[in-house]
Amino acid sequence: MTDATEFAPGLMIRGFTAPQKLADYKLIAFDMDSTLITIECIDEIADATGKKAEVAAITEATMRGEITDFKDSLRQRVGKLVGVTEADMARVLAERLKLSPGAETLVRAAKAAGLKVLLVSGGFTYFAEHVRGLLDIDFVRANVLEIKDDALTGGLVEQAWGDICDGAEKRRTLLEVASLIGIDASQCIAVGDGSNDIPMMQAAGLSVAFHAKPRVRNEAKVAINEGGLDRLLEVLR
């Protein structure tokens, strides 16, 4: 890809002329963990069973792209969560889940400009549905943790589209929602931070890396390396 240029301090653009009009786009898709919210939920849930270090190490290697099979990586990590209770998860949600700086401002601006908002996550509906409520998000796709007797089994629940939302599923979801609302992929924005966000970023008209891994920054047309998500509004007005 072409070399990136600094549009403003900590804000890089490549292959893209800025500023553009936000209203020219019709859908904005966000990854959740470390993008719309500041934590990796799975790492924080693992903390409840004293396994945060080993789970976080797999998460980090996966996001950097060193572990390339996201489904296998997620199954390994979810398998370590056996016995975590719903109360443990509720505590993570109440005490640790925080929206990323600028998330609310960007989503509000996007909605005001007529865009639909999609949250598409390799994380879990337990947290994604909460974030949907906080930000009034239109569409959510995420994984469902299997719960029996108020505790995690270490498995995931099969959904109509499959059981794990990985990079390929994120891309498919972006294109599916675009098609359902009658727009072209070029009218979509995809925002993410990890290597499993690259497929949807490549499919969208505008790709945005947020405090992302180097591999992801190198793929993106816009890279927000400093500041909040609302810095996208400097290039899309």
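This short talk covers helix packing, salt bridges and cysteines in one predicted model.

Good morning, colleagues. Because the model is predicted, local features require pLDDT of at least 70 and side-chain atom pairs count only at pLDDT 80 or more, while totals for chains, interfaces and linings use all residues. Residues are numbered from 1 along each chain as its sequence is written, and side-chain values use heavy atoms, with hydrogens and water left out.

I begin with a pair of helices. Helices (H or I, at least four residues) and strands (E, at least two) are DSSP runs, numbered from the N terminus. Helix H2, residues 52–64, packs with helix H3, residues 70–79, at an angle of about 170°, and their axes are 10 Å apart. That makes H2 roughly antiparallel to H3. Here axes are lines fitted to C-alpha atoms, for helices over the stretch in contact, and angles run from 0 to 180 degrees between N-to-C directions. Angles under 35 degrees count as roughly parallel, over 145 as roughly antiparallel, 65 to 115 as roughly perpendicular, and the rest as oblique.

Which residues in H2 and H3 meet? From H2 come Val-55, Ile-58, Thr-59, Thr-62 and Met-63, and from H3 come Phe-70, Ser-73, Gln-76 and Arg-77, where contact means heavy atoms within 4.5 Å. The residues of this contact of H2 with H3 divide into four nonpolar, four polar and one charged. In that division, Ala, Val, Leu, Ile, Met, Phe, Trp, Tyr, Cys and Pro count as nonpolar, Asp, Glu, Lys and Arg as charged, and the others, Gly among them, as polar.

I turn now to electrostatics. How many salt bridges does a search of the whole structure find? The search finds 20, a salt bridge being a side-chain nitrogen of Lys or Arg within 4 Å of a carboxyl oxygen of Asp or Glu.

One of them joins Lys-170 to Asp-31, with the closest N and O atoms 2.9 Å apart. This pair links distant parts of the chain: Lys-170 is in helix H7, and Asp-31 is in the loop between strand E3 (27–30) and helix H1 (41–47), 139 residues apart. Are these residues buried or exposed? Lys-170 is buried, with a relative accessible area of 0%, and Asp-31 counts as buried at 5%. Buried means under 20% relative accessible area, exposed over 50%, and partly exposed in between (1.4 Å probe, protein chains only).

Helix H7 also contains the pair Glu-176 and Arg-172, four residues apart and so separated by about one helical turn. Their salt bridge has its closest N and O atoms 3.8 Å apart. Glu-176 is partly exposed at 30% relative accessibility, and Arg-172 is partly exposed at 38%. Leu-180 lies in H7, residues 167–180, and is exposed, with a relative accessible area of 66%.

Elsewhere, a network of salt bridges links Glu-44, Asp-47, Lys-52 and Arg-96. Lys-52 and Glu-44 form a salt bridge whose closest N and O atoms are 3.0 Å apart. Lys-52 is partly exposed at 28%, whereas Glu-44 is buried at 11%.

Finally, the cysteines. With a disulfide taken as a pair of cysteine sulfur atoms within 2.5 Å, the count comes to zero. For Cys-165, the nearest cysteine sulfur is that of Cys-41, 14 Å away. For Cys-188, the nearest cysteine sulfur is that of Cys-165, 15 Å away. Cys-165 is buried at 0% relative accessibility, and Cys-188 is likewise buried at 0%.

Thank you for your attention.
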